[in-house]
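Keep the structure open while reading.

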Amino acid sequence: MRYICVHGHFYQPPRENPWLEAIEPQDSAAPYHDWNARVSAECYAPNTAARILDRDNQIVSIVNNYGRISFDFGPTLLSWLEQKQPSVYGAILRADRKSHERFSGHGSAMAQAYNHTILPLATSASKRLQVVWGVRDFEHRFGRKPEGMWLPETAVDLESLEYLAESGIRFTVLAPSQAHRVRPKGAQNWEDVSGTRIDTTRPYEQRLPSGKTIAIFFYDGVLSRGVAFEGLLHRGEAFAARLVEAAPDEPRTPGDETRLAHIATDGESYGHHHPHGDMALAFALDAIGNRDGVTLTNYGEFLERFPPTSEVEIFERSSWSCAHGVERWRSDCGCHTGGPLGWNQRWRGPLRNALDWLYDRASSLYSERAQEAFRDPQQTLDDYVDVVNDRDPSRVASFLKQHLAAPVGTDEGVHELKLLELRRQIELMYTSCGWFFNDLSGLETVQILRYAGRAVQLTEDLSGMSVERPFLEKLDEAMSNRFDRGSGREIYERSVQPAKITWEMLTAHYAIDTFFETGPASASLYCHDVVGERGEIATLKNGRIASGTAHMTSRITRSKEALHFVVLHPGGPRVLVGVHRGTTGAEALVDAIVQGDGANAAKMLRGHFGRHVYTLDSLFGDERRRIVETLLSSTLAEAEASHVRVAKKHGPTIRFLVELGVPIPPALSAASEIVANANLRRAFTEEPLDPDRISLLLDEAAGSGVQLDTPELSFLLEHAIHESAQAFFSGERNLEELQRLDRSVALARRVPFEVELWKIQNLYLRARRDLDLVRGASDDWMTAFRSLGARLSIRTPGP
């Protein structure tokens, strides 16, 4: 019997603003809110319901790929999925339970070191914590102990493996280039297998200095590269054939009858890096599952059946993505992701040096204070990951009661929670992506600098000492390749310091948000709870004004603050908020401004609050855009009306040029494109969806030769049809709604851009299995239902 295992390493760097514990909009991921949402839509979600097609491109089955492969998910990514995409998160957990049944009691999910730190470059304390938190997070989510753990970038040293073994981990997976030498158990002589010469079809045992051992699988490097970089996922048939060919027919050594073909790549290969890679994977797994003499397995099952018969010694401080060991994460080694000629990565060393300096100060502060604060500092820190996963007040209170050296005082454990949060932030700032790419100014590097900024703030708050200035002096030695971005210090000052959140900024955000909303005065504001008191909004000649108080509590540290505010909208797009801690005449100020009917209101506000006056810049990402949209609504409507007039006036000329095949001058085409795209956006978001009207709009756009905003329109139409399908299948399912849904899917097939329909296909197949749905249905209803299935490329049975 030949065995095949496909492993997917699924990971995204943590992207949350550390002051908000939320991801703000990332325009580069448009039309999605952020990169997590985009990659999930392209990869994580489709792999929970991958389509298998027949030769006629008709769907014959939809499967959850995760249940038939080996996989690991980053803990911080799983946390995001749990909050933002619970259906995908639940499907991943169910797949692991299913694989536990399929593979002889061995679940396919592996653990992952907590936040993708390059372990060989970490301190011993961080190595241990990354492993412990990775295991604890896995147990919290999957409800079982992990058998294997994925090492970030497969970066390895013996100390890290010791911590894996200490935590009960039985195996890990490395690249073939990381094997140094092997020998049969009990033999004296070693065989040098460096240069990827190791036999990857079997597991090996690595002996550790402590006397413990751990099993290591070395994946097939050639085949894995084919999947990741050489287009092997273009056709599922070819992918399946290559996997089967990789499992040899003959034993590699006398008496060795076990043969495992296995690959390991970034899981994002299956859909994000390679569109529809999820379908190629599903087809290949199905083909292998139906083939005699070959069986799918996972690492845990194979290891139980065929334990190692040979030992291995690894190359320490090696990885799968750097030919120079682990230098990619600390020096200009030559490994990078591209960029203009002449770019370098000399910034990596100074960046790491600056973070190491900050780590030393923050960890020393933590260790010193933790000895006094906690009964068992190490156990407290180990258990803190449970609080990170569940910040329910009762859960936090129980944690503090269990671990504080003294009873919780009047500050409700604020000091101790800040200490633990400091320790978490200095772990997050070592997330590997900060060094992986080509420039210091990239999103990923700015992100780890934000974690460093939060660590700086907590360190200064807890100790009273200044650490930001010397930290910035060290960052000044790291230089971006982009002249306009400057040094690490400049990037920090431009991208991190403005992101820091203070109580005053939170109050200003709350004040503006509630000023333009009619919802409750008390609300959840990211990771803070706010109880507000706001007076009546007074109308001025050219605006409005109100005052109030915000009582805020951090769910992270339990810190509390109460601040007073006055919010002024003097008309137009401007909004001003004055904030202070005392009751220093805010109501009197409002009365004075109202009595003056708003004359000199802005000047009076600034005179009263001084430097604590905030504008729309104080709003956090999503709310800033929403309120700016509200403030500019009349301006945008006026601008669009102007474009409509221009497009209508010159429409005949534009259509004449289209018929002649002559390029339309931008001066004429701009207005038509704005109008056509705006009309389609509105049509795609109106309820119910009107396929007939949308068809007319598309015909008009084609006749005018306009350039459609296809990414956004595809995103909106997919969402609209999915919402319509959900409403139909969960509602009364009447014929009229079914026919409208059928026309909507027909529209999606005709539009000049691709619209993903896999979610609607899932709903259809699930409904088709519901016998109550078709029992007693009219002939017209069944005809429309079969028509919908045909449009969805689902092979439907006859009457």
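Start with Glu473, which is partly exposed because its relative accessibility is 47%. This is a predicted model. Glu473 sits in helix H16, which covers residues 468-475.

Phe656, Leu660 and Val662 make it up, and their accessible area together is about 280 Å². Phe656 belongs to helix H21 (residues 621-660). Phe656 has a relative accessible area of 46%, so it counts as partly exposed.

**Salt bridges**

The structure holds 45 salt bridges.

| Pair | N to O distance |
|---|---|
| Glu159 and Lys127 | 2.7 Å |
| Arg626 and Asp513 | 2.5 Å |
| Glu640 and Arg682 | 2.6 Å |

Take the Glu159 and Lys127 salt bridge. Glu159 is in helix H5 (residues 158-166) and Lys127 is in helix H4 (residues 124-142), so the pair ties together parts 32 residues apart in sequence. Are these two partners buried or partly exposed? Glu159 is partly exposed, at 29% relative accessible area. Lys127 is buried, at 4% relative accessibility.

Next comes the Arg626 and Asp513 salt bridge. Arg626 lies in helix H21 and Asp513 in helix H18 (residues 503-515), so this pair links distant parts of the chain, 113 residues apart. Arg626 is partly exposed, with 31% relative accessible area. Asp513 has 18%; buried means under 20%, so Asp513 counts as buried.

Arg682 is partly exposed, at 36% relative accessibility.

Salt bridges also form a network. Arg183, Lys185, Glu205, Arg207 and Glu311 are linked in it.

**A buried threonine**

Thr380 lies in helix H11, residues 377-389. Its relative accessibility is 0%, so Thr380 counts as buried. Which residues does Thr380 touch, leaving out those up to four places away in sequence? They are Phe374, Phe399, His403 and Leu420.

Notes
Residues numbered from 1 in each chain as written. Predicted model: local features only at pLDDT ≥ 70, side-chain atom pairs only at ≥ 80, totals over all residues. Heavy atoms only, no water. Helix = DSSP H or I, 4+ residues; strand = E, 2+ residues; numbered from the N terminus. Buried < 20%, exposed > 50% of the residue type's maximum accessible area, 1.4 Å probe, protein only. Contact = heavy atoms within 4.5 Å. Patch = residues over 30% accessible without salt bridge, like charges linked within 9 Å, V, L, I, M, F, W, Y side chains within 5 Å. Areas by Shrake-Rupley, 256 points an atom, 1.4 Å probe, with all protein chains shown as cover. Salt bridge = Lys/Arg side-chain N within 4 Å of Asp/Glu carboxyl O.
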